[in-house]
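Visitor: I'm new to this one and would like to be walked through it. Could we go slowly, one topic at a time?

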Amino acid sequence: MNKLYDVIIIGAGVVGSAVAREFARFSLKIGVVEKELDVCCETSARNTGVLHAGFTYKTGSLKAQCAVEGNAEFDKVAEELDVPFKRTGKVVVGFNENDRQSLLKYKAVGDANGVPGLAIIDKQTLENLDSSAGGEFAMHAPSSGILNPFIYNIALAENAKQNGVDFYFNNEIMSIQRKNGFYELTTNRTVYQARWVVNCAGLNSAKISSMLGIDGYTLAGFKGEYFVLDKKAGRYLTMPVYPAPGPTGGFATHATPTVDGNVLVGPNSELVEDFEDYGVTPAGMEELMTEGVKMFKHMKREYFIRNFAGTRPKLINKETRQVLDFVVEARAEAPNSINLVGIESPGLTCALPLARRAVALMREKEELIANANFNPRRKSILCFAEQSREVQKELIAKDPNYGEIICRCENVTKAEIVAAIHNCLGVETVLGIKNRTRATMGRCQGGYCETRIAEIIQEELQKKTTEVMYARRGSAMFTGKVRG
Amino acid sequence: MRKEYTCIICPNGCGMEAEIEGVRVIDIAGAGCPKGQEYVEQELTDPQRNIATSVLVENGILPLVSVRLTKPVPKARIFDVIQAVKQIKVVAPVKIEQVVIENILGLGSDVIATKNVSAK
Amino acid sequence: MAMIKKDVVIIGGGPAGLSAAVELKKQGINDIVIVEREKQLGGILRQCIHDGFGLTRFKQTLSGPEYSQRFIDQVEELKIECITDTTVIDITSEKKVIAASKNGLLEYQAKAIVLTMGCRERTRGAISIPGTRPAGVYTAGVAQAYINLYNTMVGKEVVILGSGDIGMIMARRMTLEGAKVKAVFEILPYPSGLPRNIEQCLNDYDIPLYLSHTVTNIKGRSRLEGVTVSEVDAQLRPISGTEKEYACDTLILSVGLIPENELSLACDVELDQRTKGAIVDENYQTTTDGVFAAGNVLHVHDLVDFVSLEAEALARSVISYIKTGKLDKCDIAITTDANISHTIPQKISGFKDCKLSLRVRKPMKNCEINIMQNGKMLKQVKFKKAIPAEMIQIKLDKAELQAVGELKVVVR
């Protein structure tokens, strides 16, 4: 029988992990229940990796407040949690009078929201900032940045784990009952009991909300597709370059450098019924290629590494279809629950501010005692490729596994692969190793390293060939041995 | 009747056209060497194939040793040969040309190693 | 890091690197090292367990491992230095080589560098196949490595995209190991690989080959569940309405090989955009002085016998380079018409016998390859049949060549 938790958090995306980490500052028994085999599998893993400034959100909204708050603190957060982050700034470029009006409108919103340093700049200033950006003028948002969303999500979860939070993977919540003042959460594999439940289920947040007894939320799924371009293309782009928003406020296809030096082109937007249909479509790719090359002239076929897609779970008014603000609430219908519904962009930026608001909602009902042992700091796996030759020599001398290059495109060593395999969350998938080390992210897409990684997983974890999982539940890579 | 053949004896893969009567080759064009006609004649009577596969290695630095046959065997028996190969294992060290199975299934062909595998 | 001086550093111990090393040593260059990132020498041949190697060189058709062992044996007999399990992570245009191994970082200062790193496979992502990204999608070389080297079976119900030799070889390999290969699809209107392989890998096992088809959707959340296949038009675009569904758990991609030249770029080697390999002269010297390239890293080969010859020719040039410090200027450019994809080398001196390697762009019957210089026909070679899958090699005597003037290679 599983122990009685003070708090069970549903979902280990960036929001669930941030909530876990913030609750861990207090002396509580906390568990996170996640349906997939790792943290960061859905929307948290499928986005542009941007730290937003906050100039596109309605003044006074939760999105606006949390974005500005999350943006301001991120230098400290990235340092504490050892997350790759660059405060590159962003330019939103315009060509004509309509664009200028649009930019002025967003500058006003941004100023009202407390976004620092927004400025309308001329062509010369724009060229000085980024020589490949096309545009007659632009709005410069110096507080925007780019981060590694996988490492950020993993870092939050690992920090939570190191501070005592339990993580349960491969457990999908099937039903939630209230019994004797507790919550009983039944998954596909077992039952958990908790005094409090926090709904961080993202794509499934409306479904979990209903299980808690809070009905009436409608999520609309908007699929976005992306191209990932080679680091060679990344040399031409130093900061996100967006076109001026259209009349409805959305951004058309844009090009964003990643913090590792690749380029993401996208996302487009298409209403979908099935939130987990991540298929990349010919129409979507066609749209990205046509629009993308306008924003980024180096969008050439020879740079294409791969495509992916994600779904934005937008909370909407069922009748008017209007997109609504984030919901973070504690409702009487579901006592001792905290309900987060419709968290999508700017979810990465807002994760910790939202988490603190969740904690505050619990504090309204209960006194929370500080965890004296809470350590907010966490280290990533050391990246061999980024070290100087002197440091590389020392590393190999200490651990010869640093001298064995496994992923040759990204120069990831066996020591890093082994460290990733032995991650504190107990994740065992190939994708888990990819997200923690960058192995398989290069131009050969695992052509050289995947066979080695699969072998090392089997050795280190004593796994049978048929037990090696690629990414999601049921994603066995192999059907068995050839002989024996 | 006229029939087209691609010879598989060597990588040249000569495209041939043969005039066939029953199992006899009356005439042949396109063969780069005499083996071409031999190949067609064999195909008509008793097609033969060589195959490459793997045998499990015990205590080797590699888990498998690649093997092939010293002589082609009847095409119809290929999967029987594979089944027989699946049942056995060799102990390292294994050397190229080492006989792994002698006279497999009595077909007059040996299974030999095509790779060196040192012991662990 | 103590700098180790070497006459020649050979990057890659596959057939090209091995042949170059043996020829260098035989001709008196002793101070050589082969740097190989795998734990064993042999390169891609380690996993090519089928036969077809060595027909011209050894008058036998050997398996890949047997062919490479002939050279590995010579490397051992000649006591040529090799380090394995060591990956070159950088080279400079001053011919410094930095490699990572379990024993530390090694730094070499070479007089000459031989690039023989081979090639990588084109990926699903590079050709943007629509659909999801489940487990079960493998490039053919990776599937071959899993099955032949790692004793790991990748799937049971297989569809193969690409009729290149590797794809067809894997069709047979997987069938022999109990998988059901449902079909091979090829986007071009003609097969990409050798006719011999269509016969012994597909026809022998009743595996259908569909030309002018491609995969237009990949389905499955976690593990592959099926693919959609469409016919394509003359511009290779999918034709709407021709979609067919194939249930499968494995998709094998054999959609092209790309010479692996990231290290070459690190030492400023200029690449030919047509081959994605280095631009070389008749000495196999790249645009960086003292850096040479041969084998699949230069241009993708079909027959390893040609790789050995090419690497040996490279070795003889390296010997001249080391002994004299430089080689003849090669200012005669070689251009081709639209029927020929490229020639290796791309430029010659006009003072040496040389061998041109080339491929036709599409299958041709009863054609003539004419090599002209300054309006004069130098050589004419007739072919009953020429296909892109088979590299053509044409020798040119120095007596036939003029000192100045572009060489034009055309097909009639």
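Visitor: Which residues in H1(A) are buried?

Guide: Bearing in mind that this is a predicted model, the buried residues in H1(A) are Val14(A), Val15(A), Gly16(A), Ser17(A), Ala18(A), Val19(A), Ala20(A), Arg21(A), Glu22(A) and Phe23(A). Since 10 of the 10 residues of this helix, which spans residues 14–23 of chain A, are buried, it is largely enclosed by the rest of the structure.

Visitor: And what covers the buried residues of H1(A)?

Guide: The cover includes three strands from chain A that I can point to, among them S1 (4–10), S2 (30–33) and S12 (191–199). It also includes strand S20 (337–341), together with helix H6 (149–162) and helix H10 (347–363) of chain A.

Visitor: Let's turn to the core. Which residues touch the most other members of the largest nonpolar core?

Guide: That core has 283 residues, and the ones touching the most other members are Leu354(A), Ile10(C), Val114(C) and Leu251(C). If neighbours within four places in sequence are left aside, Leu354(A) is in contact with Val15(A), Ala18(A), Cys66(A), Phe326(A), Val328(A), Leu340(A) and Ile343(A). Another core, of 16 residues, lies apart from the largest one, and its residues include Val360(C), Ala386(C), Leu396(C) and Leu407(C).

Visitor: Now chain C. At what angle do H1(C) and H8(C) pack?

Guide: Helix H1 (residues 15–26) and helix H8 (residues 304–324) of chain C pack at about 40 degrees, and their axes are 8 Å apart. That angle makes H1(C) oblique to H8(C), and the crossing is right-handed.

Visitor: What sort of residues make up that contact, by class?

Guide: The contact of H1(C) with H8(C) has 11 nonpolar, 2 polar and 3 charged residues. On the H1(C) side they include Pro15(C), Ala16(C) and Leu24(C), while those of H8(C) include Val304(C), Ala311(C) and Ile319(C).

Visitor: How many residues of chain C are in contact with chain A?

Guide: There are 39 residues of chain C in contact with 43 residues of chain A. The largest share of the chain C side, 4 residues, comes from H4(C), and that side divides into 15 nonpolar, 14 polar and 10 charged residues.

Visitor: And where chain C touches chain B, which element gives the largest share?

Guide: In that contact, 22 residues of chain C meet 23 residues of chain B. On the chain C side, strand S3 (51–53), helix H3 (64–77) and helix H6 (195–202) each give two or more residues, with the largest share, 5 residues, coming from H6(C). By class, this side of chain C has 9 nonpolar, 8 polar and 5 charged residues.

Terms used
Residues are numbered from 1 along each chain as its sequence is written. Chains are lettered from A and ligands numbered from 1 in the order in which they are written. This is a predicted model: local features need pLDDT of at least 70, side-chain atom pairs count only at pLDDT 80 or more; totals for chains, interfaces and linings use all residues. A residue is buried if 20 or more other C-beta atoms lie within 10 Å of its own, exposed if 12 or fewer, and partly exposed in between; C-beta atoms are placed from the backbone. Two residues are in contact if their C-beta atoms, placed from the backbone, lie within 7 Å. Axes are lines fitted to C-alpha atoms, for helices over the stretch in contact, and angles run from 0 to 180 degrees between N-to-C directions. Angles under 35 degrees count as roughly parallel, over 145 as roughly antiparallel, 65 to 115 as roughly perpendicular and the rest as oblique. A crossing is left-handed if the near helix is turned anticlockwise from the far one by less than a right angle, and right-handed if clockwise. Ala, Val, Leu, Ile, Met, Phe, Trp, Tyr, Cys and Pro count as nonpolar, Asp, Glu, Lys and Arg as charged, and the others, Gly among them, as polar. A nonpolar core is a set of buried Ala, Val, Leu, Ile, Met, Phe, Trp, Tyr and Cys residues joined through C-beta atoms within 7 Å.
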